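This report describes the annotated spans, the helix packing and the chain interface of one structure.

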Amino acid sequence: MPRKTMIEAIRDAMDVSMGRDERVVVFGEDVGYFGGVFRCTAGLQQKYGKTRCFDAPISELGIVGAAIGMAAYGLRPCVEVQFADYVYPAYDQIVSEAARLRYRSNGEFTCPIVIRMPTGGGIFGGQTHSQSPEALFTHVSGLKVVVPSNPADAKGLLIASIEDPDPVIFLEPKRLYNGPFDGHHEKPVTPWSKHALGEVADGHYAEPLGKAAIRRAGSQLTVLAYGTMVYVAEAAAEETGIDAEIIDLRTLLPLDLDAIVASVQKTGRCTVVHEATLTSGFGAELAALVQRHCFYHLEAPVMRVTGWDTPYPHAQEWDYFPGPARVGRAFVETMEA
Amino acid sequence: MTQGAPLSLHVPEPEVRPGGTPDFSNVPIPKAGSVPLPPVDVDPKDIRELAYSIIRVLNREGEAVGPWAGTLTDAELLEGLRHMMTLRTFDARMQMAQRQGKTSFYMQHMGEEAVSCAFRKALSPGDMNFPTYRQAGLLIAGGYPMVEMMNQIYSNERDPLKGRQLPIMYSAKDFGFFSISGNLATQFIQAVGWAMASAIRNDTKIAVGWVGDGSTAESDFHAALVFASTYRAPVVLNIVNNQWAISTFQGIARGGSGTFAARGLGFGIPALRVDGNDYLAVHAVAKWATERARKNLGPTLVEYVTYRVGAHSTSDDPSAYRPKEESSVWPLGDPVLRLKAHLIKLGAWSEERHKQAEAEILDAVISAQKEAESHGTLHAGGKPSVRDMFEGVYAEMPPHLRRQRQQAGV
């Protein structure tokens with residue numbers, strides 16, 4: 001099977017979708033002629049023309065608001081917000097409009113849009129190129145929230161998101177664009193071409209939304225992770241020698257609760273890891289669900305390893321990012337509790 | 001370096017507050033018929049003055065004059081009068097129903113009936129409006145059943161929106177009426193997106209965005225103008241300037257700019273300003289702007305100069321912030337009375353027929369109301385089911401919502 005980077009897989013997903021369905025349009029800042037600041041839309045304008053893939057003014061609310069209008073007409077827009085850190089001007093359009101349109105119109109109007117946005121830190125992005133705002137979207141009824149962690153999933157999940165009848169927030173961990181990253185910033189990065197999940201099937205396939213994947217089967221501890229933290233958790237399990245079961249959630253909303261419950265009921269312990277800040281982060285929802293559904297199986301409190309409750313700093317990158325050492329300590333603590 | 005005088009902040013104030021004598025003598029009203037009619041493919045630069053004037057057709061004598069006159073037949077004008085009278089009667093009955101506790105909330109159109117009723121007649125089947133909460137004339141003039149509107153207002157068992165929406169937040173796709181949102185101005189940019197989609201698909205349908213004077217201050221307004229201008233979207237962007245945003249006079253949103261229409265000029269969008277209480281002028285301008293959109297000539301920005309005669313909503317008391325008699329001295333008068341006078345002048349109408357029409361319309365509205373009330377009102381009779389509360393959040397109900405629905409015992 002051909003190997004692709006996550007960037008190439010995401011571009012492939014849009015290419016396949018645009019080729020199959022004329023209603024799919026792609027636009028955003030620098031997305032058209034130039035092909036995107038991360039190259040995720042390279043070549044699409046040339047292949048499908050300026051009315052299918054085009055550059056947009058620097059207005060996130062304009063991009064999302066226009067996409068909602070297009071979706072109400074009957075198109076399937078897949079739009080890009082250059083960084084998740086810049087989605088806030090579009091927040092009203094996403095929360096008040098995209099998420100509510102089907103409900104408030106009793107299905108007369110629907111909003112099948114995808115809003116792609118690079119997310120996450122670990123790249124010296126500082127305050128406005130590193131944020132993980134997923135909890136701002138998982139709190140909104142009517143949205144779906146997806147975070148892929150590898151090229152194969154990225155393609156399948158993006159195709160599924162474009163085909164989904166509801167609005168999808170598609171968060172792409174930019175730290176994983178070119179290769180997996182386990183938090184060991186001192187080591188050179190391995191490219192996706194050397195990783196099994198870099199194998200991306202040609203043509204059309206979709207990964208169902210709402211289904212988690214077990215990345216590492218284990219018996220002692222369940223780890224709930226997504227995006228970059230999947231690889232950090234794998235490294236931490238390796239380095240601590242703890243037989244952790246690592247679940248890559250892939251879709252945060254709707255959540256694969258069955259997979260989580262089955263694993264925790266087996267292991268009796270659970271650690272949640274995410275890059276986003278702790279307080280009211282998505283980890284709080286996960287921890288609450290685990291204690292509610294697995295209370296009699298739990299042998300230790302559910303731990304959370306996350307970014308600190310501070311804005312994402314620049315110089316202190318590796319003291320902020322929950323790397324394998326910090327995640328490993330949490331594993332040990334959970335085992336000893 | 002010289003020390004300047006202390007700075008001071010300018011906060012605009014309306015001319016008159018409660019207790020004062022209302023005075024619109026500072027509002028320049030050009031003579032009917034005095035504004036030229038440009039070709040629809042005009043270069044926006046050549047009609048800049050139209051953003052500062054007011055297109056008017058009906059003069060004080062009730063005659064239709066000037067180049068914008070003549071877009072409607074007598075029969076169409078009579079139909080327009082009936083639409084405006086129906087909307088006014090509908091408003092009065094629903095206002096009363098709210099006071100009687102049959103619903104929680106209502107918003108009237110008093111004084112603004114011509115804007116949405118006349119605009120609607122320039123649209124074709126398939127075109128889509130993105131209205132605010134004060135354009136129900138689009139539904140009345142578009143033939144949407146009043147009973148359905150009332151069912152929505154009463155949140156009863158026949159409510160097309162299943163009791164999920166606040167009263168008057170209608171949705172009527174088949175009638176070219178996009179779902180109303182409580183969040184102001186959001187639909188203005190969505191209208192542009194809808195129009196872009198129509199252009200992308202090489203369709204022939206156009207979109208119409210609606211916004212009030214106050215909401216032009218929202219960022220969505222500016223995004224809409226940028227996108228409409230950049231992509232030459234087939235959209236008409238309507239600003240209904242009724243002088244008031246709840247208690248805030250239009251100067252707070254407009255600032256030092258000459259008019260709301262003038263905002264279009266900086267975006268290279270042709271901008272017109274029209275007498276919003278002149279049914280003939282509104283229709284003529286709507287026809288011009290929709291024709292531009294249909295010919296792929298791009299967007300048009302239109303400011304309708306009118307006055308919000310009623311309270312902002314059933315939760316508002318305007319006497320707390322403006323003189324009670326202000327609407328009676330509004331220089332553009334009442335849209336219903338002006339069209340009535342014109343039709344009488346034409347010999348197509350009379351005081352007697354008007355009275356008779358008023359009675360017929362009242363009967364029709366009351367009979368619709370009786371039918372709607374037979375399906376329930378907010379606190380009595382038939383209701384939407386509690387199950388409906390959980391439906392329609394997504395196309396398919398996800399597991400967590402199924403669990404919650406079970407928990408709710410439905």
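How far apart do the end C-alpha atoms of residues 6-45 of chain B lie, and what percentage of the span is helix or strand? These end atoms lie 40 Å apart, and the span is 0% helix and 0% strand.

The model is predicted: local features need pLDDT of at least 70 and side-chain atom pairs count only at pLDDT 80 or more, while totals for chains, interfaces and linings use all residues. Residues are numbered from 1 along each chain as its sequence is written, chains are lettered from A and ligands numbered from 1 in the order in which they are written, and side-chain values use heavy atoms, with hydrogens and water left out.

**Annotated spans**

In chain A, the UniProt annotation "domain: Transketolase-like pyrimidine-binding" (unreviewed entry) covers residues 4-179. UniProt positions follow the numbering used here, feature names are shortened, and annotations may be inferred rather than shown by experiment. The end C-alpha atoms of residues 4-179 of chain A lie 10 Å apart, and this span is 36% helix and 16% strand. Helices (H or I, at least four residues) and strands (E, at least two) are DSSP runs, numbered from the N terminus.

**Helix pairs**

Axes are lines fitted to C-alpha atoms, for helices over the stretch in contact, and angles run from 0 to 180 degrees between N-to-C directions.

| Helix pair | Axes come within | Crossing angle |
|---|---|---|
| α3 (residues 60-73) and α4 (residues 91-98) of chain A | 8 Å | roughly 25° |
| α5 (residues 186-200) and α6 (residues 219-230) of chain B | 7 Å | roughly 20° |

α5(B) is therefore roughly parallel to α6(B), a term for angles under 35 degrees. α3(A) and α4(A) are likewise roughly parallel to each other.

In chain A, residues of α3(A) including Leu61(A) and Ile68(A) meet residues of α4(A) including Ile94(A) and Ala98(A), where contact means heavy atoms within 4.5 Å. The residues of this contact of α3(A) with α4(A) divide into five nonpolar, two polar and one charged. Ala, Val, Leu, Ile, Met, Phe, Trp, Tyr, Cys and Pro count as nonpolar, Asp, Glu, Lys and Arg as charged, and the others, Gly among them, as polar.

**Chain interface**

In the interface, 43 residues of chain B are in contact with 44 residues of chain A. The two chains, B and A, bury about 3600 Å² between them, 63% of it on carbon and sulfur atoms. Buried area is the accessible area (1.4 Å probe) that two parts lose on being put together, summed over both. Ile200(B), Arg201(B) and Tyr394(B) supply 18% of the area that chain B buries against chain A, more than any other three residues.

Key: Angles under 35 degrees count as roughly parallel, over 145 as roughly antiparallel, 65 to 115 as roughly perpendicular and the rest as oblique.
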